[in-house]
Amino acid sequence: MSHGPSASGGALVAAPPHGHHHDEPHDPVFVGAARAELDTILSRYPTKQAALLPALWMLQDARGWVSEKGIEEVAQVLSLTPAYIKGVVSFYTMYHQHPVGRHFIQVCTTTPCNVCGAEDVVRSFLEHTGCGDLGLTSADGRFTVIEVECLGACGFATPVMINNAFIESVTPESVPRILSELT
């Protein structure tokens with residue numbers, strides 16, 4: 001049973017959380033220490049283009065998502081076209097093309113996890129975060145919940161990723177505790 005769009009099954013259509021709008025001014029990311037970090041990364045690659053994925057990670061880490069203005073900034077610093085970068089961003093589901101909550105929750109709902117109750121885990125996250133549906137951000141801007149095809153931990157169903165933290169063997173009953181530990 002699907003609750004809406006998933007990272008693997010289609011585009012995420014979500015309203016921007018409060019305080020985030022697609023037409024907000026873009027503060028440059030690649031200045032100061034971040035530019036020095038990018039320069040270090042660039043020194044490890046044969047071309048600027050080869051450093052695109054790490055540059056996009058830096059942008060997303062700094063801003064929470066990859067906006068059109070962010071794409072333009074990456075294009076400028078790497079001497080690439082915005083269209084090329086947009087193609088990469090839209091290919092990989094790990095890059096957020098719209099604002100997401102401060103806690104981005106990915107629940108594995110592939111067959112082995114579904115057999116072990118992943119759908120109930122998804123419902124529990126949607127209920128306890130107030131997101132209402134997959135891909136939407138909670139009204140307070142704290143949470144976005146999506147389904148993903150596989151987190152590579154079939155022996156620990158149901159696995160969940162919250163931002164960069166991996167959590168094994170999540171049950172519907174453990175969801176409130178997990179959420180209470182997030183700041």
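Reader: Why is strand β1 (residues 103-108) described as largely enclosed by the rest of the structure?

Author: Six of the six residues of β1 are buried, so the strand is largely enclosed. Buried means under 20% relative accessible area, exposed over 50%, and partly exposed in between (1.4 Å probe, protein chains only). Strands (E, at least two residues) and helices (H or I, at least four) are DSSP runs, numbered from the N terminus. This is a predicted model, in which local features need pLDDT of at least 70 and side-chain atom pairs count only at pLDDT 80 or more, while totals for chains, interfaces and linings use all residues. Residues are numbered from 1 along each chain as its sequence is written, and side-chain values use heavy atoms, with hydrogens and water left out.

Reader: What makes β1 and strand β2 (residues 143-148) a pair?

Author: Two strands pair if DSSP finds at least two bridges between them. β1 and β2 have six bridges, in the parallel sense, so they meet that definition. Glutamine 106 stands opposite isoleucine 146 in β2.

Reader: Which residues of helix α4 (residues 82-91) are buried, and why are they said to be on the same side?

Author: The buried residues of α4 are Ile85, Val88 and Val89. They cover an arc of only 100° around the axis, which puts them on the same side of α4. The arc is that of the directions from the helix axis to the C-beta atoms.

Reader: What do the buried residues of α4 pack against?

Author: They pack against α2 (52-63) and α3 (68-78), where contact means heavy atoms within 4.5 Å.
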